[in-house]
Amino acid sequence: MKNFVKGKIEKIEILSKYYLKLKVLLPYKKFSFQPGQFVMLSDKNSDITFSRPFSVLNWEGNYIEILIKMVGKFTKKISKIRENEEINILGPLGNSFKKEERVALVAGGYGIAPLYFYLKKGNNLKNIYIFYGGKTEKDILLLEALKKLLKKENLFVGTEDGSLGEKGLITDIFQKNLNKIKIEKVYGCGPLPMFKALKEICNREKLDLYVSMDPIMACGYGVCLGCVIPTKNGNICACTEGPIFNSKEILWDKL
């Protein structure tokens, strides 16, 4: 899709007080989405120049699923849309996670979205491991769906308050279990502090780390410059050159 189109809300699933999942019917099938790519959404009555990015949670045929965390005015407005209503949507945008034979996925909170999509597209799930963390059990989403995709020994869950899974930061849980798994790369999606801790671990262990950045974004075209990421090659817009970056290319001290 090169321009905004009208998507029809087929289903709204409330996951918790702050999270919901949208299933959207797109008007045609002449496109494909890959894990890590995103879409820009705006309310059907809003100016599309004030849209916001959302990772694609899943894609089948001309349906896509989107995970939304209600944290501000825009997402709360989107959350009031009802089934059978329309929403402005632009995508697919951005690059994607590449398929790997042995990879660890590290997710924080609603950062699970693109990594869940990666699992859905995975061919050899026995060599894919996911480390999923949040502050509390309310931040752990789609757990039953993850259990259906992966064996118990491939799924690691942790919360900072110990309300679900192991107590602690998911990066610490990842570090502790590295000797139990054989991986070639690490893919991450979550908050900035998680990325920085994960980067230090991967540097020590000599593992390639790719992260899906989530900066402020309003256009999706590289015009608003709200999503600039400082890299060794200069300032780069996450919407046009990302959102996935090799962690070694990012100037972390400038974020």
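This report describes a helix, the nonpolar cores and several charged pairs in a predicted model.

**Helix α5 and its surroundings**

Helix α5 spans residues 192-205 and contains 14 residues. From its first C-alpha to its last it reaches 20 Å, close to the 20 Å expected at 1.5 Å a residue. Six positions are named as buried in this helix: M194, F195, L198, K199, I201 and C202. The elements that cover the buried residues of α5 include strands β7 (103-108), β11 (185-189) and β12 (208-212), together with helix α4 (170-177). After α5 comes K206, which has a positive phi, near 60°.

In soluble globular proteins, nonpolar side chains tend to be buried together. The largest nonpolar core in this model has 36 residues, and those touching the most other members are V106, F131, F174, I183, V186 and M213. Helix α5 gives the most to this core, contributing 5 residues. A second, separate core holds 28 residues, among them L57, I112, L142 and C189.

When its neighbours within four places in sequence are left aside, its contacts include V103, A104, V106, F174, L198 and C202. L207, D208, L209 and Y210 are also in contact with V186.

**Charged pairs**

Side chains of opposite charge can pair when their charged atoms come close. The whole structure contains 7 salt bridges; the table presents some of them.

| Salt bridge | Closest N to O distance |
|---|---|
| K21 and E13 | 3.3 Å |
| K147 and E144 | 3.7 Å |

In the pair of K21 and E13, K21 is buried because its relative accessibility is 14%, under the 20% limit. E13 is partly exposed, at 31%.

K147 and E144 both belong to helix α3 (residues 143-149) and lie 3 residues apart, about one turn of the helix. An α-helix has 3.6 residues a turn, so residues three or four places apart point the same way. K147 is partly exposed, with a relative accessible area of 46%.

D208 is partly exposed at 26%, and K248 is partly exposed at 40%.

**A buried polar residue**

N88 is found in strand β6 (residues 86-93). This residue is buried, with a relative accessible area of 5%. The side chain of N88 makes a polar contact with the side chain of K6, at 2.9 Å.

Definitions and conventions. Residues numbered from 1 in each chain as written. Predicted model: local features only at pLDDT ≥ 70, side-chain atom pairs only at ≥ 80, totals over all residues. Heavy atoms only, no water. Helix = DSSP H or I, 4+ residues; strand = E, 2+ residues; numbered from the N terminus. Buried < 20%, exposed > 50% of the residue type's maximum accessible area, 1.4 Å probe, protein only. Polar contact = N/O pair within 3.5 Å; in protein donor to acceptor, adjacent residues only side chain to side chain. Expected span 1.5 Å × (residues − 1). Contact = heavy atoms within 4.5 Å. Core = buried A, V, L, I, M, F, W, Y, C linked by side-chain atoms within 4.5 Å. Salt bridge = Lys/Arg side-chain N within 4 Å of Asp/Glu carboxyl O.
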